[in-house]
There are 2 protein chains.
Amino acid sequence: MKQIEIKKDILSAHEMIACENRKLFNKKGIFVLNLMSSPGAGKTTLLERTIELLKNNFNLGVIEGDVATSYDAERISAHGIKAVQINTGGACHLESTMIKNAMAEFATERLDVLIIENVGNLVCPAEFDLGEDAKIMILSVTEGEDKPLKYPLMFRLSKALIINKVDLLPYIDCSTERIIQDVRSINPDLKVFETSCTKKTGLNGWKEWLQEEINKKKHSLKNV
Amino acid sequence: MKQIEIKKDILSAHEMIACENRKLFNKKGIFVLNLMSSPGAGKTTLLERTIELLKNNFNLGVIEGDVATSYDAERISAHGIKAVQINTGGACHLESTMIKNAMAEFATERLDVLIIENVGNLVCPAEFDLGEDAKIMILSVTEGEDKPLKYPLMFRLSKALIINKVDLLPYIDCSTERIIQDVRSINPDLKVFETSCTKKTGLNGWKEWLQEEINKKKHSLKNV
């Protein structure tokens, strides 16, 4: 009996386009982040803070992924940054083809950094390579300390974790030590930052790390 | 050219099993809730509060859906309630077949109410009928007031919405009026409750509504 592996074929198509995206990003020297979290963990606010921190030194672009509305792209555009909104309709994650199509909207020659804000979802976005340099996660302390072990894949694949809304810690039952201990058991190399994006605290370490990563990529591309 | 509609066929298989589940629930007189939300909105804590409110009057059972771990089933079992844990592996939602298999673990003759806690995800769980009587949503105020319009399907299909963690309202920028106004534009019949499940406030209305719905089903089955 012949078995047709449909799932494998679909994944390969996604991966092929992700590979194309990666080639484009490298050719144009663009550093690309894929920002993932549950709904409401603070992705768009982190993005706004990151824009404020980087926009004097780098040319930035943003791709916003949402099931519906263009609220997030409007928030980003208000900072004077080019933002393209993708509405996925029913889909709970972004896919490489959506990114490929969105890239046609950017003047890629002038772009240093592209930040992709994925659909709010702690499961599926981690499974889809978009061609990015680094997956970044945000976890809000209000989501609870049990999340790393309950949703391990995203924590395993991310390069940095931002533990956000730490200003609410006095009012809730959540230990960031427990979160950090659990994420280290899944991903010992994960870089961790504790922030309040609305109160603008804890963001210096994030800025420095990001600048290092951007410069590291620029340097490595020059040496090719 | 012949088009093969794979998606439709898969959905039909899910729907067929959901239909079987529904028949079983009706035959045994079991009222079934499908509890959905983002990760960390408070599903398990609401479940614990609901058990405390109902366990003297009804025989309860719980099915816990998680990508990984059996933490939630352990929390529920500690209340002396039978809980079956489903680990979905990679899947970001529960499906009717998983519920069918889990039902084999229950003494269905003695069950009045079954509460299914879905995987934490604001998108896909809404798309999969499990055979339940009512979909119930929890939205934490910490997730932000923009969520109903950004993730409309789940709000549209739910029978009741619990706006949770209202004890944190003094410390964040979120208007429950705005949430209620937006959900009413999507689903005018949605029943809304404002609670703090950890502080045990606002739960009376939820208890009364639930008792009414359970008794309504019991009554309608008697008249068949």
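A residue is called buried when its relative accessible area is under 20%, exposed when that value is over 50%, and partly exposed in between (1.4 Å probe, protein chains only). The model is predicted, so local features are reported only at pLDDT of at least 70 and side-chain atom pairs only at pLDDT 80 or more, while totals for chains, interfaces and linings use all residues. Residues are numbered from 1 along each chain as its sequence is written, chains are lettered from A in the order in which they are written, and side-chain values use heavy atoms, with hydrogens and water left out.

Helices (H or I, at least four residues) and strands (E, at least two) are DSSP runs numbered from the N terminus. In chain A, helix 4 spans residues 96-103, and Ser96(A), Met98(A), Ile99(A), Ala102(A) and Met103(A) in this helix are buried. These residues lie on the same side of helix 4 of chain A because they cover an arc of only 160° around the axis, the arc being that of the directions from the helix axis to the C-beta atoms.

The contact between the chains (heavy atoms within 4.5 Å) takes 34 residues from chain A and 34 residues from chain B. The buried area, defined as the accessible area (1.4 Å probe) that two parts lose on being put together, summed over both, is about 2600 Å² between chain A and chain B, with carbon and sulfur atoms giving 60%. On the side of chain A, Pro39(A), Lys150(A) and Tyr171(A) lose the most area to chain B, together 24% of what that side buries.

Four salt bridges (a side-chain nitrogen of Lys or Arg within 4 Å of a carboxyl oxygen of Asp or Glu) are found across the interface of chain A and chain B. Lys150(A) forms a salt bridge with Asp72(B), and the closest N and O atoms are 2.7 Å apart. Helix 3 (71-77) and helix 5 (147-150) of chain A each supply at least two residues of the side of chain A that touches chain B. Helix 5 of chain A gives the largest share of that side, three residues.

Arg156(B) is located in helix 6 (residues 152-157) of chain B and counts as partly exposed, at 46% relative accessibility. Beyond residues up to four places away in sequence, Arg156(B) touches Ile186(B) and Asn187(B). The C-alpha atoms of Arg156(B) and Asn187(B) are separated by 5.1 Å, although the two residues are 31 residues apart along the chain.
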